[in-house]
Amino acid sequence: MQTTYHIFLHPMANRWKRYAKLLAFVLATVAVLPWLTVYFLGKLVGLRRPSFVLCSHSLAIMPGFAGDWMRTAFFRWSLSRCAWTARVSFGTILTDPETTLGHHVYVGSYCVLGAIDVDDDALIASHVSVPNGGQQHGIDRLDIPIREQPGVWKRIKIGRDAWIGERAVVMADVGEQAVVGAGAVVVHPVPPRAIVAGVPARVVGQRGARQSNVEHTSPLV
Ligand SMILES: CC(C)(COP(=O)(O)OP(=O)(O)OC[C@H]1O[C@@H](n2cnc3c(N)ncnc32)[C@H](O)[C@@H]1OP(=O)(O)O)[C@@H](O)C(=O)NCCC(=O)NCCS
């Protein structure tokens, strides 16, 4: 029996799409060679983080698809781990080369991410902040300024297939397949598959608890 495919679902179409993406990645790697040179020279002389931040800032303002590919290519070779299928959008700043981004991770525009781990298929909308926890500065003493009090840097993990909504601030781990509502402030770990919202974020639902009747798919995936 003969199988019929929609033109874009045909296995050959997928293969060509993958080749085209690989070619874009290779071209983008060539385009970011000046940034990679600055980064690796900085690393060589013990200035890994400042040179990374310099490159992250300047690549953040590269527009359009070309900019997306250039950021992917730079992060692929500079972060502790970054899949070549990850996307980081215009205006987003990564502040630490110890960050990891998994396969098909999407980070929207104007986000600020600290040293964090983002697992495969996680989606982060625009204007999201993920600092390293909420205790970077000690606040207990009143006789010395906050800036001089030691704090705690917590490495935040965003689980596989989680979705972080627009303008959320995430200061605790988000479990796999969890959803963080737009504008939420996450101060406690979010359990897997929980839907949380509000300030501070509280559980408002559970993924998989109801049947979906939505048939369209997001252009992001
Ligand atoms: C959280 C979200 C996914 C909705 O999940 P849901 O399971 O469909 O939740 P519901 O709409 O049934 O709402 C459940 C409750 O949470 C509240 N709620 C939903 N989203 C909220 C939010 N972002 N902030 C505060 N409360 C929220 C609802 O008011 C409702 O409360 P009620 O029961 O007292 O009326 C959605 O509201 C959201 O914030 N999506 C993010 C959108 C976004 O950022 N897009 C950017 C482009 S990627």
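Colleague: How many bridges join β15 to β16, and do they run parallel or antiparallel?

Modeller: There are 4 bridges between β15 and β16, and the two strands run antiparallel. Bear in mind that this is a predicted model.

Colleague: Got it. Which residue in β16 is the bridge partner of alanine 197?

Modeller: That's arginine 202.

Colleague: And what sits between the two strands?

Modeller: β15 and β16 make a hairpin, with 4 residues between them. Glycine 198 is in the turn, and its phi is positive, about 95°.

Colleague: Which residues are on the covered face of β15, and which on the uncovered one?

Modeller: Ala194 and Val196 are on the covered face, while Ile195 and Ala197 are on the uncovered one.

Colleague: OK, zoom out. What's the strand order in the 7-strand sheet?

Modeller: The order is β2-β5-β8-β11-β13-β15-β16, in an open sheet with mixed pairing. β2 (87-88) and β16 are at the edges with a single partner strand each, so one side of each has no neighbour in the sheet.

Colleague: How do β8 and β11 pair in there?

Modeller: In the parallel sense, over 2 bridges, with β11 covering residues 163-164. Leucine 123 has tryptophan 163 in β11 as its bridge partner.

Colleague: Where's the open sheet of 4 strands, I mean which strands is it built from?

Modeller: The order there is β1-β4-β7-β10, and the pairing is parallel. Its edges are β1 (81-82) and β10 (157-158); each has a single partner strand, so one side of each is left without a neighbour in the sheet. Within that sheet, β4 (residues 100-101) is joined to β7 by 2 bridges, and leucine 101 stands opposite valine 118 in β7.

Colleague: What about the largest nonpolar core, how many residues does it have?

Modeller: It has 52 residues, and those with the most contacts inside it are Ile124, Ile164, Val170, Val174, Val180 and Val186. Helix α4 gives the largest share of this core, 5 residues. As a rule, nonpolar side chains in soluble globular proteins tend to be buried together.

Colleague: How far does α4 reach?

Modeller: α4 runs over residues 64-78 and reaches 21 Å from its first C-alpha to its last, close to the 21 Å expected. Its buried residues include Trp69, Met70, Phe74 and Phe75.

Colleague: Last one: aspartate 120. Where does it lie, and why does it count as partly exposed?

Modeller: Aspartate 120 is in the loop between β7 (117-118) and β8 (123-124). It counts as partly exposed because it has 16 C-beta neighbours inside 10 Å, and a residue needs 20 or more to be buried, or 12 or fewer to be exposed. Leaving aside neighbours within four places in sequence, aspartate 120 is in contact with Gly102, His103, His104, Val105 and Arg160.

How values were computed
Residues are numbered from 1 along each chain as its sequence is written. This is a predicted model: local features need pLDDT of at least 70, side-chain atom pairs count only at pLDDT 80 or more; totals for chains, interfaces and linings use all residues. The expected span of a helix is 1.5 Å times one less than its number of residues. Two residues are in contact if their C-beta atoms, placed from the backbone, lie within 7 Å. Two strands pair if DSSP finds at least two bridges between them. A nonpolar core is a set of buried Ala, Val, Leu, Ile, Met, Phe, Trp, Tyr and Cys residues joined through C-beta atoms within 7 Å.
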